[in-house]
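Please keep the structure in view while reading.

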Amino acid sequence: MAPLTRPKPSLVSLSSAEAVLAESAGDAAFATTLAKGLVVLEAFKADARLLGNMEISVRTGIPRPTVARLTHTLAELGYLHYDRDLAKYRVGIRALHMAHPLLADMPFRQLARPLMQEFAQSVRGTVSIGVLDGTAMVYVETARSGDVGPHTPDIGMPIPVAPTAMGRAAAAILPAPDGAALDARLQAVDAEHWSDFGALYRRGLAQCAEQGFCTCFGEYMASIHAVAAPLFYAPGAKRAFSINCGIPAFRLNSGQLEAEIGPRIRALAGSIRALINEDEPVIIRREPQPASFAEVHGDR
């Protein structure tokens with residue numbers, strides 16, 4: 001059997017257990033065992049729904065004996081389910097209970113959804129709202145037409161910030177100190193991805209400041225082009241929301257994303273804010289982008 005190797009970190013991966021624990025060293029109030037248990041739960045992803053103790057250990061950096069105790073406890077509590085035939089764990093139904101209070105704290109989603117559905121059907125694509133969480137965006141509402149291509153957003157699904165229009169639009173409305181901290185975190189999480197997408201990320205921030213929306217021409221998924229607009233920033237909860245529209249590239253005419261879909265998604269964001277009595281978010285341009293849009297993307 002080939003030796004297990006730790007998966008390469010991505011922009012949506014969380015810190016390893018070692019990093020989490022190292023950052024909290026000396027904090028007497030930090031519950032180490034609880035933290036490790038949560039890291040174990042977060043090891044499960046859409047593409048890793050069934051994991052054994054050794055696989056979890058490799059993914060998290062937590063020693064296998066510790067993982068075994070944690071998975072047993074989590075299974076007893078219902079947050080994991082043990083498949084005896086496969087000798088692996090999957091996330092238990094009880095974990096889903098935790099999502100409802102969070103989603104219930106965002107009641108604007110239900111008001112926004114009819115508008116989102118109408119928009120999605122008109123462009124034969126998807127329209128989604130996401131909230132910034134560390135270096136990821138997490139979908140909290142989504143609407144789609146029939147055939148939307150290979151990327152089908154779903155509530156709770158994370159996507160990276162730097163290569164996505166949704167991420168750039170949310171980052172654009174962060175208060176200046178938080179925005180600078182996010183930039184630093186993005187560069188630290190994955191230098192290779194930052195090398196590929198850093199200029200496009202900063203260009204997206206500038207687009208939001210200039211036009212109220214930003215574009216993404218297949219940086220996250222080659223066959224999907226997207227546009228996103230900042231929605232609003234909730235200062236109390238420190239939540240930055242944005243709204244995007246993804247369309248299969250073959251359905252778009254040249255220039256249509258910038259000239260038509262972008263202004264429409266910006267207007268949709270405004271309509272949603274009007275429904276929920278939110279002010280238009282302030283966009284502080286953090287850093288000028290030296291390269292032109294054409295230089296970054298090439299001729300289209």
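A salt bridge is a side-chain nitrogen of Lys or Arg within 4 Å of a carboxyl oxygen of Asp or Glu. The model discussed here is predicted, and it holds 8 salt bridges. Side chains of opposite charge can pair when their charged atoms come close. One of these bridges joins Asp 83 to Arg 90, with 3.6 Å between the closest N and O atoms. Asp 83 is buried, at 16% relative accessibility, whereas Arg 90 is partly exposed at 32%.

Another bridge pairs Glu 141 with Arg 113, the closest N and O atoms being 3.3 Å apart. Glu 141 belongs to strand E4 (residues 136–144) and Arg 113 to helix H7 (residues 108–123), so this pair ties together parts that are 28 residues apart in sequence. Glu 141 is buried, with a relative accessibility of 7%, while Arg 113 is partly exposed at 34%. Arg 109, Arg 113 and Glu 141 are linked in a network of salt bridges.

Within helix H11 (residues 256–276), Arg 264 and Glu 260 are 4 residues apart, which means that about one helical turn separates them. Their side chains meet in a salt bridge of 3.8 Å, N to O.

The loop between strand E5 (158–160) and helix H8 (165–171) contains Thr 164. Thr 164 is buried, because its relative accessible area of 4% falls under 20%. Leaving aside residues up to four places away in sequence, Thr 164 touches Ile 159, Cys 216 and Tyr 220. A polar atom of the Thr 164 side chain also lies 3.2 Å from the backbone oxygen of Val 161.

Notes: Residues are numbered from 1 along each chain as its sequence is written. This is a predicted model: local features need pLDDT of at least 70, side-chain atom pairs count only at pLDDT 80 or more; totals for chains, interfaces and linings use all residues. Side-chain values use heavy atoms; hydrogens and water are left out. Helices (H or I, at least four residues) and strands (E, at least two) are DSSP runs, numbered from the N terminus. Buried means under 20% relative accessible area, exposed over 50%, partly exposed in between (1.4 Å probe, protein chains only). Contact means heavy atoms within 4.5 Å. A polar contact is a pair of N or O atoms within 3.5 Å; within protein, one must be able to donate a hydrogen and the other to accept it, and residues adjacent in sequence count only if both atoms are side-chain atoms.
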